[in-house]
Each structure stands twice: as C-alpha cells, then as structure tokens.
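Please read them alongside the view below.

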Amino acid sequence: EHFDKIEQSDAILVVNVTKKEIKNYIGANTFLEMGFAYYRKKKIYTLNPLPNQPYVVDELLTFEPIVLDGHLENIK
C-alpha cells in the first residue's frame, strides 16, 4: 500500500523526529520507502537533518534527500 502511494506521488516527506533516544531517527521501514522513492525518481524531503546513525548515513546520502530543517514552506 505504501509503495502504491509513493508510486502515485511526486515526492515523499520523511518526518524524522527523535525516537529511541536518536535525534531525527529514520527506521528500517522508512529507509526502505526512501529507497523505493529514489528508484522511482521521486523527490525525497526530510523534515529534519539526517540522523547520526553511523550504519545508514552514507546510504541515506545516496538518496539525495532535500533537508528542510523544519521549514515545510521549502517544499517545491
């Protein structure tokens, strides 16, 4: 269902907030959805900066996310 919604969209917004004591957390399911959006050539926005999760930072950067720093008005 989520992939169908991504398929129909122009972009995705990742709402990455603090979770599990990790600031700007991005979990496995969200990471997978970001990968699918990247594959389908959709813009990827993150509400907050990328998390300090050493096992995913480099991989997240390959998706070329647009970091909004909390400024939703910057979605284009």
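1. In this predicted model, Asn24 counts as buried because its relative accessible area is 9%, which falls under the 20% limit. Asn24 sits in the loop between β1 and α2, and beyond the residues up to four places away in sequence it touches Asn16, Val17, Thr18, Asn48, Pro49, Leu50, Pro51 and Gln53.

2. Lys20 is likewise placed in the loop between β1 and α2, but its relative accessibility is 58%, so Lys20 is classed as exposed, the limit being over 50%. Most residues other than glycine have a negative phi.

3. Glu21 is another residue of the loop between β1 and α2, and it has a positive phi of about 60°, again without being a glycine. With a relative accessible area of 80%, Glu21 is exposed, whereas Asn24 is buried.

4. Which residues make up the largest nonpolar core? This core has 11 residues, namely Ile6, Ile12, Val14, Ile26, Met34, Phe36, Ala37, Ile44, Val56, Leu60 and Phe63. The elements that give two or more residues to this core are β1 and α2, and the largest share, three residues, comes from α2.

5. Ile26, one of the core residues, is in contact with Val14, Asn16, Phe31, Met34, Leu50, Pro51, Gln53 and Leu60 when its neighbours within four places in sequence are left aside. Among these partners of Ile26 are Val14, Met34 and Leu60, each of which is listed in the largest nonpolar core.

6. The largest pocket has a volume of about 220 Å³, and 13 residues line it, with Val14, Val15, Asn16, Thr30 and Glu33 lying nearest its centre. Two or more lining residues are given by each of β1 (11-14) and α2 (28-39), and the largest share of the lining, three residues, comes from β1. By residue class, the lining divides into eight nonpolar, three polar and two charged residues.

7. Two residues link the points above.

Terms used:
Residues numbered from 1 in each chain as written. Predicted model: local features only at pLDDT ≥ 70, side-chain atom pairs only at ≥ 80, totals over all residues. Heavy atoms only, no water. 1 Å grid on protein atoms, 1.4 Å probe; cavity = no way out; pocket = protein on both sides within 12 Å on 5 of 7 lines; lining within 4 Å. Points joined across faces, edges and corners; volume = space filled by probe spheres on them. Helix = DSSP H or I, 4+ residues; strand = E, 2+ residues; numbered from the N terminus. Nonpolar A, V, L, I, M, F, W, Y, C, P; charged D, E, K, R; others polar. Buried < 20%, exposed > 50% of the residue type's maximum accessible area, 1.4 Å probe, protein only. Contact = heavy atoms within 4.5 Å. Core = buried A, V, L, I, M, F, W, Y, C linked by side-chain atoms within 4.5 Å.
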